[in-house]
There are 2 protein chains.
Amino acid sequence: MNLHDQIVRIAREAKQAADSLAHVSTDRKNAALLAMADALLARQAHLIAENARDLNAAREKGLPAAMIDRLTLKEQTLAGIAQGLREVAALPDPVGKVTGMWRRPNGLLVGRMRIPLGVIGIIYESRPNVTADAAALCLKSGNAVILRGGSEAIHSNLAIAACLTDVLGAHGLPAAAIQAIPLTDREAVHEMLQLDEWIDLIIPRGGEDLIRAVVSQSRIPVIKHYKGVCHIFVDADADLDRAVPICLNAKTQRPGVCNAMETLLIHAAAAPAFLPVVAGRLREAGVLLKGCPQARALLPDLEPATEDDWSREYLDLVLSIRVVADLDEAIAHIRRYGSLHTEAILTENYTRAQRFLNEVNSSTVLVNASTRFSDGFELGLGAEIGISTTKLHAFGPMGLEELTTTKFIIYGNGQVRT
Amino acid sequence: MNLHDQIVRIAREAKQAADSLAHVSTDRKNAALLAMADALLARQAHLIAENARDLNAAREKGLPAAMIDRLTLKEQTLAGIAQGLREVAALPDPVGKVTGMWRRPNGLLVGRMRIPLGVIGIIYESRPNVTADAAALCLKSGNAVILRGGSEAIHSNLAIAACLTDVLGAHGLPAAAIQAIPLTDREAVHEMLQLDEWIDLIIPRGGEDLIRAVVSQSRIPVIKHYKGVCHIFVDADADLDRAVPICLNAKTQRPGVCNAMETLLIHAAAAPAFLPVVAGRLREAGVLLKGCPQARALLPDLEPATEDDWSREYLDLVLSIRVVADLDEAIAHIRRYGSLHTEAILTENYTRAQRFLNEVNSSTVLVNASTRFSDGFELGLGAEIGISTTKLHAFGPMGLEELTTTKFIIYGNGQVRT
């Protein structure tokens, strides 16, 4: 069978599986998820051996240490993955939930009921844990999933997926509900992205290059974010003692993630008191600071920030700092250079806090808290399948509900339209 | 300026207008809508004169009478359009609504707030009323709109849009929030569909050919339905006296629309009693009937239905009829030949009614009512900008809320992530 036919077969079987999975009870899905957690631990030795094949190949290719680290499956990693599956089993099932019901003047009772999207394609890079995490969220929400991980993790991903699929079979669920593409050719991704007849949604997870490539090729709707250029605006009326730890947390607690702060905006009235203190603490934490001319007038040893720096996602211990005249200038800066991801204002001023929440239309806006809270678990969604910075269907962190849609259900008693 | 540059300018100005319109109060938007209704009536003579230019051209081109009818603006049509704008003014504004708010264990108060999508492109065919209807719904939901109507209605559409834009200006709102593309070249649509940097959503309204052309060209998300192959299943336990008027209503009340019934499925146990009666009534109403072999065994003068007929949207007084063994066969038929639009079951059996509502995942499913209720106004959404049969973002009739998305808003008091 050629590559095109193989991918089409995977997609068709996924669609069939999705049709049947949409009506499986929560209890049966949960039982399968718990059994999957057990199966991953029972096959631990096999999974680590398959992972070693990927690791050997990675070392031979001379992949960077950080990538090899992300690729590595240890006992502890597997225990974490299994725990994740158990937590998904414990979450409420969105499918079948009636989100509202109302009576029409003619007596019709109209409601909206959550149903799965259908078939979801996940395209990701080197972390093999995504294979289990994404499969669990799709299964719980009644969707079939097609997993296409990075070629460097192929043995790990196939071994994990086989483990999950075996459990589906043993529980009388369609094995094609979880499929990992066994082909590492780039062409396989391209073929997959054409199959809008059977695949309902694509979620790419990885770097901006991967995501741009997926968007440009796909005929299927894609939910994604390219990058997170997240801002904190320290207002004139900020509580500066509280602002310092928040800025430090947003920049340094995990600098390589999309909800870390990349640009700090400081009200001109707060800058003389705040900038030297926060800069000192950030530098102690190893952060390289770049500033606008006004910031450099206060702290001459800041590196000059270039025009390009205002839209950069460093994903590293680097921060751009700009002094702004007021809230309006801060909002205008965010609108011009931001990525619609996450922005925070630190202030004790009621009106400006409310204005920031209302007027900044990024996917997550906060008052007096770290940007790092822009995360499905932290916001209380129970899980996170990804973050969207495009407004269609989902905006911001996506949990199980975002893997569903609603249909209208109508109880009548003989109504006709006049 | 070349065509590409003209369309880019329209899109950029729309984006700017959208940024400012997103924060305009409901009162100001409503005042503009009411003034627009008045302005359309005040300029009635001018609008009818511009419409006459389109009508003359249409007659010269020999366009069919039905199309000329859809194209015609009369005093009565304009009164209806003005009334429509007033009704949109009276609807609740979805923007700024907080759809939920919850407390996290660390004290963060997390909510979701509705915000506009941004810039919406509407691509439609010959009805000039869409110009005003769509503009009103977009304005009310805080979105800028780019309207691209059919070339045969160009003078009517531009005259209506100019009237609306003048009101925007007079009310201090950005005139670029409502723009009609003054170019009739097909190339203009193609250019518009590439501008995903500024346009957030495309809604095509018209025949399947138009919609397929838009989908195949667009880089921007498209919400659409290709067609409505809507089914009614008359169960063994249907109340046959109530089933006849429902079937008649679904087929004949307005046969040219997407929520009209196209296929009637009848349980084998009900067919001998029901089929002759309903067929008689449908024929009296001028409906041509086509049947499966089992139906023809009961009524030999039915035309034979071909395999293709089961997926046809007649949009006319024609109906396909199939006798099925049971509910499972009815559901399997709908899954195979349906278009995910609207399906109804007529039954007095509780379990089968519930099974149909749960297991048929079309965008609207009804018990004991006509498929014609699948409509934004009828379902209580207050308005309808279109119907979606793709599951992303919206599924089924779309009202004002479907022209918005939600952002997360978070009230903190110094929280950092650990």
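Two strands count as paired when DSSP finds at least two bridges between them. With that in hand, let us look at a bridge in this predicted model. In chain A, M101(A) has G111(A) of β2(A) as its bridge partner. Altogether, β1(A) and β2(A) are joined by 5 bridges and run antiparallel. The two strands form a hairpin with 5 residues between them. In that turn you can look for G107(A), which has a positive phi of about 95 degrees.

Now follow β2(A) to another partner. Here 8 bridges join β2(A) to β16(A), and again the strands run antiparallel. As one example to find on screen, R114(A) stands opposite T406(A) in β16(A).

β13(A) pairs with β16 of chain B, residues 404-415, in the parallel sense over 5 bridges. Within this pairing, L366(A) stands opposite I410(B) in β16(B).

Let us step back and ask how the two chains are arranged. Chain A can be laid on chain B with an RMSD of 0.0 Å by a turn of 180 degrees and a shift of 0.0 Å along the axis. The two copies are therefore related as by a two-fold rotation axis. If you want to find where chain A comes nearest to this axis by its C-alpha atoms, look for H393(A), whose C-alpha is 1.8 Å from it.

How many residues take part where the chains meet? On chain A, 55 residues are in contact with 55 residues of chain B. Elements of chain A that give two or more residues to this side are β2 (109-116), α10 (240-252), α14 (350-359), β13 (364-369) and β16 (404-415). The largest share, 11 residues, comes from β16(A). Sorted by class, the side of chain A that touches chain B has 24 nonpolar, 20 polar and 11 charged residues. Because 100% of the interface residues of chain A are also interface residues in chain B, the copies meet through the same surface.

Next, turn to chain A by itself. It is divided into domain 1 (3-224 + 397-409) and domain 2 (230-378). The C-alpha centres of these domains of chain A lie 35 Å apart.

Chain A also has an open sheet of 4 strands, in the order β5-β4-β3-β6, with parallel pairing. The edge strands are β5 (178-180) and β6 (201-205) of chain A, each with a single partner strand, so one side of each is left without a neighbour in the sheet. On average, neighbouring strands of this sheet are turned by 20 degrees against each other, direction ignored. One of the pairs is β3 (residues 119-124) with β6(A), parallel over 5 bridges. There, G121(A) stands opposite I202(A) in β6(A). Helix α1 (residues 3-21) of chain A lies across β3, β4 (144-148) and β5 of chain A, running at about 145 degrees to β4(A).

Our last stop is a pair of helices. Two packed helices are described by the angle between their axes and the distance between the axes. In chain A, helix α6 (residues 129-140) and helix α7 (residues 154-170) pack at an angle of about 30 degrees, with their axes 8 Å apart. The crossing of α6(A) and α7(A) is right-handed. Which residues make the helices meet? From α6(A) come T131(A), A132(A) and A135(A), and from α7(A) come N157(A), I160(A), A161(A) and L164(A). By class, this contact has 5 nonpolar, 2 polar and no charged residues. In chain B, the crossing of α6(B) and α7(B) is right-handed too.

Definitions and conventions. Residues numbered from 1 in each chain as written. Chains lettered and ligands numbered in written order. Predicted model: local features only at pLDDT ≥ 70, side-chain atom pairs only at ≥ 80, totals over all residues. Least-squares fit on C-alpha atoms with pLDDT ≥ 70 in both. Contact = placed C-beta atoms within 7 Å. Domains from an automatic or database assignment. Axes fitted to C-alpha atoms, helices over the stretch in contact; angles between N-to-C directions. Nonpolar A, V, L, I, M, F, W, Y, C, P; charged D, E, K, R; others polar. Left-handed = near helix turned anticlockwise from the far one by under 90°.
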